[in-house]
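Here are a few exercises to work through with the model open beside you. Try each task before you read its solution.

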Amino acid sequence: MEKRIESLLEGVEKPARYIGGEVGSIVKNDFSQRIVLSYPDVYEIGTANQAVQIIYSLINHHSDAWAERVYCPWPDMSAAMRAAGVPLFALESWKPVAAADLWGFTLQHELTYTNILEMLDLAGVPLHWQDRSEDDPLVFAGGPCASNPHPVARFFDFILIGDGEQVVPEVLALCEDGKGLPRRELLKRLAELEGIFVPAFPRQVRRAVVPKLDYELVPVRQVIPSMAAVHDRATVEIMRGCTRGCRFCLAGNWYRPVRERSVEDVCRAVTEMVERTGYEEASLSSLSTTDYTCIQEALTNLAQSQPRLRVSLPSLRVDPVAIRLLGLTSSRRGSITLAPEAGSQRLRDVINKQVSGEDIEEALTEAFHGGSTTVKLYFMIGLPTETEADLQGIVDIATAARRIGRQEATSAGRVQINVSVASFVPKAHTPFQWAGMNGREELAAKHALLRREMPRKQIKLSLHDIEPSLVEGAVARGRDETAGAIEAAWRAGAGFDAWTEKFDFAAWETGFDAIGSTIEHEATRSFPDDAALPWDDIDSRVDKDFLLAEKEKSERGEVTIDCRWGTCENCGVCEDDIEMRISRP
Amino acid sequence: MRFSKTGRARFISHLDTLSCLVRAVRRTGFEMAFSQGMRPKPLLSLAMPLGVGVEGEDEICDFSLQKRAPLTELAKKLSHELPKGMELKSVGPSFDRSKSAARVESCGYRIELESLTPTYEDAVDKYNHSPEIVLLRKRPKGDKEVDIKKYVDHVRILESGNGIAFDMEVTTEGTARPDEILAALSGFAGSELAPVRIVRTGIKVKEEEQPRPPRYGGQQKRRGRR
């Protein structure tokens, strides 16, 4: 097989995607079980994913099992593999994935689902769990989109609901003990664990939560890709969860409660990871990094101990204090990204994005003062209750940003405002889960309005494509039948849907046609408050009543204060040792 | 440092090889020296880029450290830090004023071939006796004619009989590429010569006339942005 793979690699684009052998990758000769982990996109995207790195490190460094990786081959490679009869192989061993004991996928967003089918097919593993034999690996999934597992349930033997660190060790132990048992028996036992949804034995499943982020599980000895990847830097998760309570946000509602690492652990993890990887940049990752209680301390400590290291902060809050924090990092500040999300105060109250017009102006002033010349502004359109006035608000904010830039920046002529506008897609387990998204025509009309009204000089407007958003919306709140549409779309040629040049809307139309529905219908449909929802059997630990109350408050334009600073709103997530954990200085 | 890059590692591109090497040196814990200027870059360079898919048995990499490092320890640490297929051969101090890249004279290649047509010995013979062999290089800015004979004068047949070897001159005007030599030979043979392996066996670097003692802590002279 090795010779055959090598000869394929001579003829494909970027062959380094398939060679494995990276520094930090693990080869075990003695192991109890072989597990393959996948991010269903191409290598340079997939290697940046932290979920795979965390589980890879957990299995390889804390168990007798061996975890390998495989990513989705680019179409030139998959065509060559099919032509040569080479099945999908794992990067570490170059042995068929189909021979593994377990094969796991991370579900990070809906537009990677067709790649899962492509990979199963390339591996020669039946697409449906029902068709798999005793020799096939147990195929599983996890990640944020497992919050609604139904659209992909048909393709997996089991699905992890919640934090992988909590469930994976239990799964490994159970599969180890159950070696030799019939597949069905193993699945039955898995269905009894907390946080595991087994399509063969459907029942109410409660999300598994790791009460505390363990230092031992920080993947300090990461796999370092041998070719340039999207985020070529060390990433340390400093906090999980966010209680800001933005009503559109899946991660903010799903990953509750907030669990911060101690500031000592953060600094130690960054130092150790940088030493062991050789990266020149480290990212302190979380859903809202500037909310981390000891952020100032962490940045000061790192600037002292690692003067050469560039520290980057993703997810900046629109807030002058947050912008000032950047001054503590040694990163150059050519460009700053802010996400006001909505154009008017009224709509920001509806979505519970607690950012005022003053916050925005002050943050912009601070950014330009600090030496930035480029500001990127993120907005969403198609939010519930949106009107033309809200869209005009986006134009007004962009124009104000340009004005402030011209006044405050060191060089008025070099000021550039990049406005990026995405379409709102409702997600399961959020207060907006009942709402339909805007249809194609509505979104197109809103795009037209923005294009017409937005000044051109020093402002660049980028509008996210409507069609991929509609597909995302149609799948995200799907049900078991949606799997048929995904499969039919893949058969019609859909794949790498997140890549603009690969996205094939016609294939997806064919897909939904196959289940007697349309993308537009699935995406725009709204559910009555008392309707049974397809994902009701998944208990996110946040009460449905809380989500409903949030929805009603949003209709009245009422905000809910973050429980970190305000009072407890009884979302229902805290219980026993599962509670908010704040780092103390 | 001298290293080899064979097997699967031949698919790592030149730029990715550079970042692999920089990170490997950083992971040893010995601090690298940086270039001056707005955007300091670690001082590390390869004598000659290696094409994707070409193996290198004895490649040369120059790098500078902040401080003098014990060589055995540096070598031991570095040898654990390279991806599979890249192996450290040796690390030694350099007394040269200029980078190896500026002083490459020639490099050796060995090409193992898939199917040996009886005509290929003739083709090698014809190649060696041609006064010039002009190929057209396709470039976006307009095609360019190159006489590859200027760079590879003589092609040898391997003792094992399963391929060819040659030395390729590297001049200030340029050089040839191994696939161009193969193309020329294929032309003479009248059929495609398919390579199984293309290996660069070594790089010859001109000795400097007046070497200086090693200096640490980065280049004093400011170099332009690379």
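**Exercise 1.** In which sense do strand β1 and strand β3 of chain B pair, and over how many bridges?

Solution. A bit of housekeeping before the steps: this is a predicted model, where local features need pLDDT of at least 70 and side-chain atom pairs count only at pLDDT 80 or more, while totals for chains, interfaces and linings use all residues. Residues are numbered from 1 along each chain as its sequence is written, and chains are lettered from A and ligands numbered from 1 in the order in which they are written.

- Step one: find the strands, β1 at residues 2–5 and β3 at residues 55–63 of chain B. Strands here are DSSP runs (E, at least two residues), and helices are runs of H or I with at least four residues, numbered from the N terminus.
- Step two: count the bridges. There are three, and the pairing is antiparallel; two strands pair if DSSP finds at least two bridges between them.
- Step three: check a partner. B:Lys5 is bridged to B:Gly56 in β3(B).

**Exercise 2.** Which other strands of chain B does β3(B) pair with?

Solution.

- Start with β2 (residues 44–46), which runs antiparallel to β3(B) with three bridges. B:Leu44 sits opposite B:Phe63 there.
- Then go to β10 (residues 195–205), joined to β3(B) by two bridges in the parallel sense. B:Gly56 turns up again, this time with B:Arg200 in β10(B) as its bridge partner.

**Exercise 3.** Work out the strand order of the four-stranded open sheet in chain A.

Solution.

- The order is β13-β14-β15-β16, with parallel pairing.
- The edges are β13 (335–341) and β16 (459–463), each pairing on one side only.
- From one strand to the next, the twist averages 20°; angles run from 0 to 180 degrees between N-to-C directions, and axes are lines fitted to C-alpha atoms, for helices over the stretch in contact.
- Zoom in on β14 (residues 374–381) and β15 (residues 416–423): eight bridges join these parallel strands. One of the pairs is A:Ile381 with A:Ser423.

**Exercise 4.** Describe how helix α17 and helix α18 of chain A cross.

Solution.

- Take the axes of α17 (residues 482–491) and α18 (residues 505–514): they come within 7 Å and cross at roughly 140°.
- That angle makes α17(A) oblique to α18(A). For the labels, under 35 degrees is roughly parallel, over 145 roughly antiparallel, 65 to 115 roughly perpendicular, and the rest oblique.
- Now look at who meets whom. On α17(A), the residues include A:Gly484 and A:Ile486, and on α18(A) they include A:Trp508 and A:Phe512. Contact means C-beta atoms, placed from the backbone, within 7 Å.
- By class, this contact has eight nonpolar, three polar and no charged residues. Ala, Val, Leu, Ile, Met, Phe, Trp, Tyr, Cys and Pro count as nonpolar, Asp, Glu, Lys and Arg as charged, and the others, Gly among them, as polar.

**Exercise 5.** How many residues does each chain put into the contact between chain A and chain B?

Solution.

- Chain A supplies 16 residues and chain B 19 residues.
- On the chain A side, helix α9 (residues 263–277) gives the most, with three residues.
- Sort that side by class and you get eight nonpolar, four polar and four charged residues.

Terms used. Contact = placed C-beta atoms within 7 Å.
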